[in-house]
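Here's a quick briefing to read alongside the structure. Take a look at the model first, then work through the points below.

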Amino acid sequence: MKKSIILASGSPRRRELLTMLFEEFEVIVSDCDEIMTSHDPEKVTEELALQKAEAVAVGLPPRTDPVIVIGADTVVSIDGKILGKPADQKQAVDMLRVLSGKSHNVSTGVALVGLEDGRQTRLKVFSETTKVRVAELTEEEIISYVNTSEPYDKAGAYGIQGIFGKHIQGIEGDYNNVVGLPVHRLYEELKDFLY
């Protein structure tokens, strides 16, 4: 039986990564208020991913095909402190100074909500964490980078897949997770979820 796949995220990077798993899927951006009740980075991403997926799932008109809604959220954390998306240039500079010369974690939470006849029938929530090491950055390198448009829609004020990639000394874990979706883990979880 055919299943409809819906990505509850407007991220162009997540959309691109999901094409590794599905030829066809819809994108419906959730407009829910994001409420965090935890300070643990992995738990935060799981909470927010679930809120996004459920907000989209609740708003769907009933369909004849079973539906899987995929929600995701990514945070950067260092020493237990979560770095979100920078609001402005000063925040971006501050975040990059914190990350310079150190390792940090990138956690992505994923929520899978299964629907049949408009009712939720299945739910799976998980997270994946990748360790990333940033080289020592000069003040000039930081300013040069924040003067591009790249840092402002990304947790931790950088995109590993963009021009900032030259400052990444190494990673432990899933590269795609840092971009915004743990593709391999999602593939494995979907195998269980679908069958």
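In H2, the buried residues are Pro41, Val44, Thr45, Glu46, Glu47, Leu48, Ala49, Lys52, Ala53, Val56 and Ala57. Keep in mind that this is a predicted model. The notes start with that helix, then move on to the cores, a strand residue, a helix pair and some loop residues.

**Helix H2**
- H2 covers residues 41-59, and at 1.5 Å a residue its 19 residues should span 27 Å.
- What do the buried residues of H2 pack against? They pack against strands S1 (4-7), S3 (67-78), S4 (81-83), S5 (103-116) and S6 (119-134).

**Nonpolar cores**
- The largest nonpolar core holds 39 residues. Leu18, Ile70, Leu96, Leu112, Tyr158, Phe164 and Leu186 have the most contacts inside it.
- Pick out Leu186 and skip its neighbours within four places in sequence: you'll find it in contact with Leu18, Leu21, Val110, Leu112, Phe126 and Leu181.
- There's also a second, separate core of twelve residues, with Ala49, Ala53, Ala57 and Val69 among them. Ala49, Ala53 and Ala57 also turn up in the list of buried H2 residues.

**Val75 in strand S3**
- Val75 is part of S3, and its relative accessible area of 6% is under the 20% cut-off, so Val75 counts as buried.
- Which residues does Val75 contact, leaving aside neighbours within four places in sequence? They are Pro41, Val44, Thr45, Ile82, Asn105, Val106, Ser107 and Ala155.
- Pro41, Val44 and Thr45 are buried residues of H2.
- Val75 and Thr108 are 33 residues apart in sequence, with 6.5 Å between their C-alpha atoms.

**H3 against H4**
- Helix H3 (residues 89-99) and H4 have axes that come within 10 Å and cross at roughly 140°. H3 and H4 are therefore oblique to each other.
- That crossing of H3 and H4 is right-handed. On the H3 side, the contact uses Gln89, Ala92, Val93, Leu96 and Arg97; H4 brings Glu139, Ile142, Ile143, Tyr145 and Val146.
- Leu96 is also listed with the residues that have the most contacts inside the largest nonpolar core.

**Positive phi without glycine**
- Asp117 isn't a glycine, yet has a positive phi of about 50°. You'll find Asp117 in the loop between S5 and S6.
- Is Asp117 buried or exposed? Asp117 is exposed, with a relative accessible area of 56%.
- Ala157 is another non-glycine with a positive phi, this time about 70°. Its loop runs between helix H4 (139-146) and strand S7 (168-172).
- Ala157 counts as buried, at 0% relative accessibility.

**His167 and Ala135**
- His167 lies in the loop between H4 and S7 and counts as buried at 10% relative accessibility.
- Not counting residues up to four places away in sequence, His167 touches Arg133, Val134, Ala135, Leu137 and Glu141.
- Ala135 sits in the loop between S6 and H4. Ala135 is buried too, with a relative accessible area of 17%.
- With residues up to four places away set aside, Ala135 touches Ser100, Gly101, His167 and Gln169.
- Ala135 and Ile70 are 65 residues apart along the chain, and 33 Å separates their C-alpha atoms.

Note on methods
Residues numbered from 1 in each chain as written. Predicted model: local features only at pLDDT ≥ 70, side-chain atom pairs only at ≥ 80, totals over all residues. Heavy atoms only, no water. Core = buried A, V, L, I, M, F, W, Y, C linked by side-chain atoms within 4.5 Å. Buried < 20%, exposed > 50% of the residue type's maximum accessible area, 1.4 Å probe, protein only. Contact = heavy atoms within 4.5 Å. Helix = DSSP H or I, 4+ residues; strand = E, 2+ residues; numbered from the N terminus. Expected span 1.5 Å × (residues − 1). Axes fitted to C-alpha atoms, helices over the stretch in contact; angles between N-to-C directions. Parallel < 35°, antiparallel > 145°, perpendicular 65-115°, else oblique. Left-handed = near helix turned anticlockwise from the far one by under 90°.
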